[in-house]
Amino acid sequence: MIRFKSKIKVAIDSPAAAGAGTQAKLISKHYNLFYLDTGKIYRLIAILKINYPKKFNYKYIKKKMKTLKVTSLNNKKLLSNEVSTLASIISKDKKIRKLVHNFQIRHAYKPPKKYNGSCLDGRDITYKIIPNADFKFFITANIKVRAKRRFQELKRLNKKMSFKEVLKSVKKRDKSDYNRKISPLKKTKDSILINTTNLTKRSCFLKIKRIMDKKLKLDGNI
Ligand code: C5P
């Protein structure tokens, strides 16, 4: 297993279904980094709102964040379209974002000891959560390709939605994520753009790996 001389932090931002999660997982596995899919936290809060509408308030979310285990974020229920849409609405709330930020920062800066560092993906990771990340990537792809990937993911989960509906939903989420006032999705100047439209998962991973290996060697970390 690769061992680094000093711990690193990788920050990834991306619009919905661009393949960022897949790449973040591959990078994390390869370099032995602690991986956190931050969108899943907003999704979990969306589920709390659906399941417990009466209890749902800031205090309740705060309490849930304190006891939240990363393993609870693996639940397949978090992937439905209803949850995606609601997560995108919820994530516009400044107070909710603040409650979620602490959890993310804690994991980004203090991952469990066995890891070489951390890798987080989301919408505001490169400039809000880990502004001093060692590596920053903005992963994107053409809207139709992203909708197709999302459509296939939902199909695998046995969710019945037409391609047209999925495309509409991804477009709506893009509009909201890019244009909201608080923590909008954007590519920062210091982020490396990775367009996955015409890349396979493997070739995309190799592209990122080449970039990372070069800097890790230059820094004398490997
Ligand atoms: O990445 P994912 O599609 O799971 O994220 C669901 C929603 O959560 C996004 O559409 C976005 O509105 C919100 N989100 C966010 N900030 C993050 C991660 C996700 O606002 N860091």
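**A chain held by charged pairs**

Lysine 209 counts as partly exposed, at 22% relative accessibility. (Buried means under 20% relative accessible area, exposed over 50%, and partly exposed in between, with a 1.4 Å probe and protein chains only.) The model is predicted, so local features need pLDDT of at least 70 and side-chain atom pairs count only at pLDDT 80 or more, while totals for chains, interfaces and linings use all residues. Residues are numbered from 1 along each chain as its sequence is written, and side-chain values use heavy atoms, with hydrogens and water left out.

Lysine 209 has a charged partner. Its side chain meets that of aspartate 213 in a salt bridge, with 2.8 Å from N to O. (A salt bridge is a side-chain nitrogen of Lys or Arg within 4 Å of a carboxyl oxygen of Asp or Glu.) Aspartate 213 counts as buried, at 14% relative accessibility. Both residues sit in helix α9, residues 201-218, and being four residues apart they are separated by about one helical turn. Elsewhere, salt bridges that share partners join Arg123, Asp177 and Arg180 into one network.

Now the whole chain. Its secondary structure comes to nine helices and five strands. (Helices are DSSP runs of H or I with at least four residues, strands are runs of E with at least two, and numbering starts from the N terminus.) Along the sequence the pattern reads β-α-β-α-α-α-α-β-α-β-α-α-β-α. Along the principal axes, the C-alpha atoms fill a box of roughly 55 × 40 × 30 Å.

How does the radius of gyration of the protein chain agree with that of a compact globule? For 222 residues, a compact globule would have a value near 17 Å, and the protein chain has 17 Å. (The radius is taken over C-alpha atoms; the globule rule is 2.2 Å times the number of residues to the power 0.38.) Of the 222 residues, 49% count as buried. Contacts with a separation of 6 or more come to 81% from residues 24 or more positions apart. (Contact means heavy atoms within 4.5 Å.)

The surface comes next. The protein chain exposes about 12600 Å², and carbon and sulfur atoms supply 55% of that area. (Accessible areas come from the Shrake-Rupley method with a 1.4 Å probe; for residues, only the protein chains shown count as cover.) The chain holds 59 positive and 14 negative charges, and their mean positions are 4 Å apart. (Lys and Arg count as positive, Asp and Glu as negative; His and the chain ends are not counted. A charge is placed at NZ of Lys, CZ of Arg, CG of Asp or CD of Glu.)

Side chains of opposite charge can pair when their charged atoms come close. In this model the count comes to nine salt bridges. One of them joins aspartate 124 to arginine 97, with the closest N and O atoms 2.9 Å apart. Aspartate 124 lies in the loop between β3 (117-122) and α6 (125-129), and arginine 97 in helix α5 (residues 94-109), so the pair ties together parts that are 27 residues apart in sequence. Aspartate 124 is buried, with a relative accessible area of 1%. Arginine 97 is buried too, at 2%.

What does aspartate 124 touch, not counting residues up to four places away in sequence? The list is Asp13, Arg97, His101, Ile129 and Ser183. Lysine 160 is 36 residues from aspartate 124 along the chain, and their C-alpha atoms are separated by 31 Å.

Another salt bridge links the side chains of aspartate 190 and lysine 136, again with 2.9 Å from N to O. Aspartate 190 lies in the loop between α8 (163-179) and β5 (192-195), and lysine 136 in strand β4 (residues 135-140), so this pair ties together parts that are 54 residues apart in sequence. Lysine 136 counts as buried, at 8% relative accessibility. Aspartate 190 is partly exposed, at 47%.

Two asparagines close the tour. Asparagine 32 has phi near 55°, a positive value in a residue other than glycine. It is found in the loop between α1 (20-31) and β2 (34-37). Asparagine 158 also is not a glycine, and its phi is positive at about 65°. Its place is the loop between α7 (143-156) and α8. Which of these residues is buried, and which exposed? Asparagine 32 is buried, with a relative accessible area of 13%. Asparagine 158 is exposed, with 65%.
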